[in-house]
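Okay, thanks everyone, I'll keep this short. Have a look at the sequence and the structure on the screen, and then I'll walk you through a few places.

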Amino acid sequence: PALSLTHIDGVMFIMICLIAVICNIVMWVSDDEAGIKVTTIGGACLVIGMAILLVGALIGSPLFNAGAMREQIGEVEEIAFDEMIKQIDTAQIPIVDQALADKQAEKKLGEDVALGSRVELGEAAIQEVNGEILFVVPLEHTGFFKWNRHKTTPGYITVSASNQNKVNYVTEVEGEKIQVRYSPSAYFGNDLKRHIRNQGYRTQELTEYTFEIDNTGRPYWVVTTYENTTLWGNGEATGVVIVDAQTGSTNWYGLNEIPEWVDVVQPQSFVENQIDNWGTLVKGVFNFSNEDKIKKTDLTLTVYVDGECYYFTGMTSVGSDESCVGFIMVNTRTKKS
């Protein structure tokens, strides 16, 4: 976990370590009743820790942060539907969803029986590469023994978002074979998160591990770093850590320095939470009549407009009618809404 008191996992980790240290010290310096003392002190520490977590959750709740939580999405520009729809290139609208992309990638993987027994498909990520929208699917190790034998996975699979039959298994870039060494399914020093921590990112919270390729086809892992805005919640992206999936070269980029080929900086879960806060906290927490409240629909899509990537979701009124009142688009890099 991130070794920081500003993140809940870091707080819990540090608390557990302190309890263990205190109990061990008590055992070393106590008499025959050490077991009773350890139990008592350990229980007291546990109760205090739970109280800290509960108080922290309350302090970071909408009860005290409604205004800040609503404004986290930033200024939302309101425009007419016909103004925006003219800018959308219908040729860029994906007709292949993630489920179909996974199915097509699975078929491509099955064409090589030996490869299929060695690796499995990772999570596909939609991205624009040289003007073409693709689902890029990493290959993951199927288990410890497969990883221990091979250490790397050969290449990745791409599926066109506009043509389900355009599926490629990419094994080399510019004449160089692709050997992905660092991934979430690797072990020990090759485990992606552990590798990033070992590069000095011990206190930064990490999320959204996305497999992306640059415009030459070279594979990278793009991981969002963030800080919480309300004690331990409502994260705000601060930049990305980009890891070369083959060499392990690791670099952090602030929000204004991120390479152009990176499509997703703002985690979808963060944006969806901020959209809901913007729509439902319009009159604060105690708006039991749902006056002026709106909320996002269940489905969030990723769309491209003039080379820019957006999260797209409908907005409905809160109440018995739940009628559609419009839609919202949030830039996945800048969070402009």
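First, a term: I call a residue buried under 20% relative accessible area, exposed over 50%, and partly exposed in between, with a 1.4 Å probe and protein chains only. Helices (H or I, at least four residues) and strands (E, at least two) are DSSP runs, numbered from the N terminus. This is a predicted model, so local features need pLDDT of at least 70 and side-chain atom pairs pLDDT 80 or more, while totals for chains, interfaces and linings use all residues. Residues count from 1 along each chain as its sequence is written, and side-chain values use heavy atoms, leaving out hydrogens and water.

So, strand 4, residues 156-160: why do I call it largely enclosed by the rest of the structure? Because five of its five residues are buried. Y156, T158 and S160 point one way, I157 and V159 the other, and all are buried.

Now its partners; two strands pair if DSSP finds at least two bridges between them. Strand 3, residues 132-141, pairs with strand 4 antiparallel over five bridges, with P138 opposite Y156. Strand 5, residues 167-170, also runs antiparallel to strand 4, joined by four bridges, and there I157 stands opposite Y169. A hairpin of six residues links strands 4 and 5.

Over to D244, in strand 10, residues 233-244. D244 counts as buried because its relative accessibility is 6%. Beyond neighbours within four places in sequence, D244 is in contact (heavy atoms within 4.5 Å) with Y182, R218, P219, Y220 and S249.
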